[in-house]
Structures are given as C-alpha cells and as structure tokens.
2 protein chains.
Amino acid sequence: MSIEIKITLSSGLYLRNPQESNLGKKIIEQSINMIFTYGFESFNFKKLANEINSTEASLYRYFQNKHMLLLYLVNWYWEWVMYLITINTMNITVAEQKLQIIIHSIVSASKSNCLVDYVDENKLQSIIISEGTKTYHTIGVDKENAEGFFKSYKNLVTMISKVITEVNPEFKYPNALASNLFEMSNSHIFFAQHLPKLTNVTSKVNVEGEIEVMMNYFVKKLVLSK
Amino acid sequence: MSIEIKITLSSGLYLRNPQESNLGKKIIEQSINMIFTYGFESFNFKKLANEINSTEASLYRYFQNKHMLLLYLVNWYWEWVMYLITINTMNITVAEQKLQIIIHSIVSASKSNCLVDYVDENKLQSIIISEGTKTYHTIGVDKENAEGFFKSYKNLVTMISKVITEVNPEFKYPNALASNLFEMSNSHIFFAQHLPKLTNVTSKVNVEGEIEVMMNYFVKKLVLSK
DNA sequence: TTTTAGAAATAGCAATACTATCATTTGTTT
DNA sequence: AAACAAATGATAGTATTGCTATTTCTAAAA
C-alpha cells in the first residue's frame, strides 16, 4: 500500500484523464522519458505508442495531440512547484524567508522527493527548461489562455507576487519579478549547460546552487534595498 | 540610387546567400510576413513558395530547412540590435548613459528606421519575441552552437556585459543580467499582449515605454545601488 | 450473463519535409 | 552574337507525420 497523491489539472487539457488508468500513467511516464531524450520536435504519438506497446489511436483518446500532452506536463510541473512552495512555506511567517524558500523551490524543484512514481521530476524539470515556453509561444495562445490552460502558471506567479509585496509593499513590479524569477531559473540552467557565455554560472557541479545564490542576490537588491 | 547596407551573417546559416539575389530577398521578406501572421509552426516552404511564385525546390537551395531560415532571421535581428546599439552609443562616454541607450535599443528595436527595404523590423521583432528562443531550444543546440550559429547573440551579450561592468566593476553577474535584459524585454512584451497576469505592464498603448522604465529601474537597483 | 467501456488492430488519408531530375531562363564571358 | 554556366522552374516521388475511422477483442460492471 502506498499513499497516492493526485495533482488536479484542468480537465480541458486532456480527453481522458491519464491519472485514472494504467495506459494513461504509461503515457505520462514514457512521454517524459522520450521528450527528455529526443526533444519535443522529434517526439510523436506513433513512436510513443510503439515504446509502450500501445497504438497511436489509443493515445489520441487521451490527448488531442502532442501539443496538448506537453501542455499537460507543463501544467503538472507548475502545480508541482506550487505544491512544493506551499508545503515548504507552511510554517514560515517571515515574508523574506518565504521568498528564499520560493527561490529554492523553483530552482531545485527536481531535487525534491517524488510525488508519484510514474513522474520523474528530474526529467520533467529538464523538459520545462527546454520546451516549457513553447506551450504559449503559439498562434493559439489567446484561445488557450481563455480556456484556462495557463491558469496554473498564473496562479503560481500571483502567489509569488503576493509574497514579494509582503516583503516590500512599495515594490512596483511584483508580477513581473515573479515570472522573471521562474523564467530566469529555467534560462540560466539551460545557458549554463549549452550557452555558457550567456550567464555567469561557472561551476559545472552545482549549477542550481549558483543560480539560487544569484537569484537571491537579485531579489535582495531589487526588493529589499532602498 | 540608395545606400545599401548589408548585415553580415555567418555563412553556415544558409546554402546560398539570400541577400545576393532577388529571389533571396523575396524569401526573407515574405517569410517574415508569413511567420509573423501564421506563426512558425504552420509556416512551411511550400506555402512560402506559392506566395512568392517560386517552388519548394528553389527555396531549399537557399536554406536547409525552415529551422535554418528562422535561425537566419533571428541572427539578423541580433546583428540589427548590435548595430543600433553601436551607432546610438558611439559618442557617449558615460557608461551609465550607454546602458540606458542599450535598454532603449533592445526594447524599441523595431521603432528604428529600416536598414533594408525587404526586412520589416517591426514584424521581425514580433517574430523574435514569439519564436526566438525556439532556435536554441532544440536537441541540436550544442552542435549548432559549435558551428557558430549563436555567435551574434553571444557577441551582443558580451558587449552589453562590458558596459555593465564599466558601470559597476564589482557587479558579479554582468553576462546573466545582459541576457536577462534581452529575454525580459521579449517576455514582457509578449506577456503584456497575451498573458497580462504575468507582468505589471498595464498600458496597452505604450507597452515598450513601460518595459523600458521597468528595466531601467531593475538595472539601477541591481548595478548602481550599494 | 449481458452490457459496455476501454484498448488493440488495421487501414487509410492529407499534409509535411524533404530529394532528385531535367528543362528553361538569365546573365556573363569571349 | 555565340557559348557557357549559374539560377530557377517544373515535375515527380518518397518517407514520415498527424491525424480519423472502423472493426475486433477483452475485462470488468450490472
């Protein structure tokens, strides 16, 4: 017996809830592996179906297409980070300290214990870093936003921005800083690995640690200095 | 008669230099129009060929594929911003002021006078905002980086980081801030239009102006405050 | 036991992402 | 003006992708 935690995601993201069947869980598990390994562009439902000994048609019963599957994974991640922040800041009263924990949660989300066995948070974070912004950099962004497909991200940013405002009610750009912290974390983990000239992270062994220090420094300067 | 300025781009980006023929120029001009209008995903060489009364095969003689064409456009933009910064800061000696001009150049690149008649800088900036990061968020990023396909971006960031260091030699993250300024500008122009909860830009009429103010504020706090 | 929902098997189709070949036009050199 | 090469066009073809549809099988619920 094990405790089963379910992340609740907008039902518009899928045709059939993948959390509620074996095949669904295999789709999530193996799609994470394949997108992680081969990238989103060369990933498709035929290859995934082969890998899990299912058929293309079966996968299309769960997700409209691969874009929706990616959107599902990305929403999962946003909810996962939200969950991490919520439990890690639960007993913290000092806003400043909350913000530090938020930064740590964003940068090191994948280092946390796994929530469900079929989701590899490590690979998932890597997917968000490389493919995450592709979910909204599409021609259909406004329609999908209206359908609530980015709600988890907006909630996350709203929540972080509230803590920023708690730290400094005068600060004018809490939402912008909140989204920037998330994007900055992703960008610089990617840059450190692939385009090191675009960052100042030098260590190869403790990329996340260095980025956390940098982001704390940025936040301190921006929100705390007068 | 007109003065013709050519932007020099790495020859690895194309098979045949599009700047050196009529067809080449039409490819650039019309691909910008089509990617701007329909997005990169639903853009392809067959549609482009139809639009300019050419053939698919002819386009493939200029670019290996549509990804390389996008990379070409993005490199063009990076060079264009570099050019703008260079001429706008030419006679400025105060580093702090240079940095302000850099921020203005990044945010309002499209507002500047056109360099060549077949490139619509306005649409090009919009493409960079929506599709730009897709050029390096691919499985082949390391190989393409080794071939120098991101050199223009790295040069731009290096150049900006030098000015940041000039302003404050103690500042530890000049490269990270430089790339972040560029990405932040793009992100928040996009967010203001499509996902306003992720930013604090409220005006619909002067998005660029507000972002410029915000970025100047960030830079001031980060680089100038002690 | 019947019903039924989910999944597998199979087929097929339109679009995409190319590649190859050959003919034609255009521009350059002599 | 003739000869040549380079660029482009026309046409065809292939493998893969992104789906949809239909029919069969299977296992669990009523």
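This is a predicted model: local features need pLDDT of at least 70, side-chain atom pairs count only at pLDDT 80 or more; totals for chains, interfaces and linings use all residues.
Visitor: How many residues does the contact take from chain A and from chain B?
Guide: Both sides of the contact are counted by residue. Chain A gives 42 residues, and chain B gives 42 residues.

Visitor: Which helix supplies the largest share of the side of chain A that touches chain B?
Guide: Helices H6 (121-131), H7 (141-146), H8 (151-167), H9 (174-194) and H10 (207-224) of chain A each supply at least two residues of this side. By class, the side has 16 nonpolar, 17 polar and nine charged residues. The largest share is 11 residues, and it comes from H9(A).

Visitor: What rotation superposes chain A on chain B?
Guide: The superposition has an RMSD of 0.0 Å, with 0.0 Å of shift along the axis. The two copies are thus related as by a two-fold rotation axis. The same surface serves both copies, since 100% of the contact residues of chain A recur in chain B. The rotation is 180 degrees.

Visitor: Which helix gives the most to the surface near DNA strand C?
Guide: DNA strand C is surrounded by 15 residues, and the closest are Ser54(A), Ser58(A), Asn44(B), Ala57(B) and Asn65(B). Helix H3 (56-60) of chain A and helix H3 (56-60) of chain B each supply at least two residues of this surface. The most, three residues, is given by H3(B).

Visitor: Which helix supplies the largest share of the surface near DNA strand D?
Guide: There are 14 residues around DNA strand D, and Asn44(A), Ala57(A), Asn65(A), Leu23(B) and Ser54(B) come nearest. By class, the surface has four nonpolar, six polar and four charged residues. H3 of chain A and H3 of chain B each supply at least two of its residues. The largest share, three residues, comes from H3(A).

Visitor: Where is Asn53(A), and is it buried or exposed?
Guide: Asn53(A) is found in the loop between helix H2 (45-51) and H3 of chain A. Its phi is near 55 degrees, a positive value in a residue other than glycine. Most residues other than glycine have a negative phi. With 8 other C-beta atoms within 10 Å, Asn53(A) is exposed.

Visitor: What is the phi of Asn53(B)?
Guide: Asn53(B) lies in the loop between helix H2 (45-51) and H3 of chain B. This residue is exposed, with 8 other C-beta atoms within 10 Å. Although Asn53(B) is not a glycine, its phi is positive, at about 55 degrees.

Visitor: How far does H8(B) reach from its first C-alpha to its last?
Guide: Helix H8 of chain B covers residues 151-167 and has 17 residues. At 1.5 Å a residue, 24 Å is expected, and the helix is close to that. The reach is 24 Å.

Visitor: Within what arc do the buried residues of H8(B) fall?
Guide: The buried residues of H8(B) are Ser152(B), Tyr153(B), Leu156(B), Val157(B), Ile160(B), Ser161(B), Val163(B) and Ile164(B). Seen down the axis, they line one face of the helix, because they fall within an arc of 170 degrees.

Visitor: Is Thr202(A) buried or exposed?
Guide: Thr202(A) lies in the loop between H9 and H10 of chain A. There are 10 other C-beta atoms within 10 Å of Thr202(A), and a residue with 12 or fewer counts as exposed. Thr202(A) is therefore exposed.

Technical notes
Residues are numbered from 1 along each chain as its sequence is written. Chains are lettered from A and ligands numbered from 1 in the order in which they are written. A residue is near a molecule or strand if its C-beta atom, placed from the backbone, lies within 6 Å of it. Helices (H or I, at least four residues) and strands (E, at least two) are DSSP runs, numbered from the N terminus. Two residues are in contact if their C-beta atoms, placed from the backbone, lie within 7 Å. Ala, Val, Leu, Ile, Met, Phe, Trp, Tyr, Cys and Pro count as nonpolar, Asp, Glu, Lys and Arg as charged, and the others, Gly among them, as polar. The expected span of a helix is 1.5 Å times one less than its number of residues. A residue is buried if 20 or more other C-beta atoms lie within 10 Å of its own, exposed if 12 or fewer, and partly exposed in between; C-beta atoms are placed from the backbone. The arc is that of the directions from the helix axis to the C-beta atoms. Copies are superposed by least squares on the C-alpha atoms of residues with pLDDT of at least 70 in both.
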